[in-house]
Structure formats: C-alpha cells, structure tokens
Amino acid sequence: MIKKIVTIPNKILRMKSKRIGFVDDSIRTMAENMIETTLDWDHDSEFGAALAAIQIGEPIRLTVVRDSFESSKDKNFTTLINPEIVKSSAEMITDIEGCLSVPGIYGKVSRHLKIKVKAQNTAGNEIRLTLEGFPARVLQHEIDHMHGIIFLDHVKDSKNLLSIDEEGQLSPLTSNDKVQLP
Ligand SMILES: [Zn+2]
C-alpha cells in the first residue's frame, strides 16, 4: 500500500523512533508498504535510496534501503530493524545528499566514511553490516531520521544547499528557491 510521505516542516520528522520489540507481520507489512511508497516516488530525474518509517508517520526504528544506488531499475531493498552504528571511522567524507522528506533540495553533508551497523532482518535475526562510502552515508542518514534529525541539520552553510530541476541537474540555491529550513 502506498503511503503519504511526510515532508518538512512537519514536526513528525522531529519525533524519536521507538525500538521494535518483536518482528511480526505488521512490521513486515509496513516495510513492504515503505518499499512500495519509495518505488512510487521514483521519477525520471530522482529515485529514492531509502526510507525510514517516520517518513510515513510511524515512529519506529525501521528502514528500507535500496540494494543498488546506481540505477532505479534495481527495485530490490534490504529491510533493517533497530539499526544502530556500533563503530564509525574517524575519517569523514563530504558528498551530496537528498531526502524524500525534503523535496527538491540537496545539500553537501559530512559523514563518517565507514561504519559498522548492527540490526535485525525481517526474520528477527541479528545481522551485522560493514559499510563504506555512499551506503554508509545512506545508513547514517536513516539512523538520523530515527533520532528526529534531518540532513539539513548538518548543513551549516546555506551555500552548501542545492536545488534540482526537472532534468535532474543540481545547481546552487538562489533567492528564488523557496526553501523552508526547519
Ligand atoms: Zn531522509
């Protein structure tokens, strides 16, 4: 079922998400709905890398992450329940990030280059992931959502904000771009 994506400045995005105690069918159904919602959001110039449950208004620690960030053709996702970062590299990397809850705006954000993540899968079993580069960035972004943090919070300077046009071209924000920073 396709859900409505919560966008800024909705205060729901500032809620802290609760740990999931038991992985049951309601959680698995919610993950399926989130995948469907992300695929429905995909369009010619952009596609969704991941979605956190809070983005459909559910304050629980659940995220779905695309298996490939190279192309929207790969429609497979990995569901992570109660993900937490157990180790992160001192080395940071800055790259461009966007969010389905922040339509049309991208920003340059510094993130840990490498992280180790502990989570549960949809069977409720513990899994551990070692991620580097963009996948590490995506997980840091999703775990931020679970703490009520959005990527704009990490953009210290508005000159690090970009807007996207219909062809998918990014350009620096101008005073004509209507941005409501939370
Ligand atoms: Zn996001």
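Asp95 counts as exposed, because it has 11 C-beta neighbours inside 10 Å, and the cut-off for exposure is 12 or fewer. The residue belongs to strand 4, which covers residues 92-97. The model is predicted.

Now take the chain as a whole. It holds 2 helices and 9 strands. Read from the N terminus, the elements follow the order α-β-β-β-β-β-β-β-α-β-β. The C-alpha trace spans about 50 × 40 × 35 Å along its principal axes. A compact globule of 182 residues would have a radius of gyration near 16 Å, and the chain has 16 Å, so the value agrees with that expectation. Of the 182 residues, 32% are buried. Residues 24 or more positions apart account for 64% of them.

Five strands form an open sheet in the order 1-2-3-6-7, and their pairing is antiparallel. Strand 1 (50-52) and strand 7 (126-132) stand at the edges. Each has a single partner strand, so one side of each lacks a neighbour in the sheet. On average, neighbouring strands are turned by 40 degrees against each other, direction ignored.

Two pairings can be followed residue by residue. Strand 2 (residues 62-66) meets strand 3 (residues 77-88) in the antiparallel sense, over 5 bridges. One place to look is Arg66, whose bridge partner in strand 3 is Phe77. Strand 3 is also joined to strand 6 (residues 114-120). Here too the strands run antiparallel, with 5 bridges between them. Look at Lys87 for this pairing: its bridge partner in strand 6 is Lys116.

What packs on this sheet? Helix 1 (residues 25-41) does, touching strand 1, strand 2 and strand 3. The direction of helix 1 makes about 40 degrees with that of strand 2.

The length of helix 1 can be checked. Its 17 residues, at 1.5 Å a residue, should span 24 Å.

Which residues of helix 1 are buried? They are Ile27, Met30, Ala31, Met34, Ile35, Thr37 and Thr38. These residues lie on the same side of helix 1, because they cover an arc of only 160 degrees around the axis. Their cover includes strand 1, strand 2 and strand 3. The face turned away from the buried side carries the exposed residues Asp25, Ser26, Thr29 and Asp40.

Asp95, where we began, lies in strand 4 and counts as exposed.

Methods: Residues numbered from 1 in each chain as written. Predicted model: local features only at pLDDT ≥ 70, side-chain atom pairs only at ≥ 80, totals over all residues. Pairing = 2+ DSSP bridges. Helix = DSSP H or I, 4+ residues; strand = E, 2+ residues; numbered from the N terminus. Axes fitted to C-alpha atoms, helices over the stretch in contact; angles between N-to-C directions. Contact = placed C-beta atoms within 7 Å. Buried ≥ 20, exposed ≤ 12 C-beta atoms within 10 Å, placed from the backbone. Expected span 1.5 Å × (residues − 1). Arc of directions from axis to C-beta. Rg over C-alpha atoms; globule rule 2.2 N^0.38 Å.
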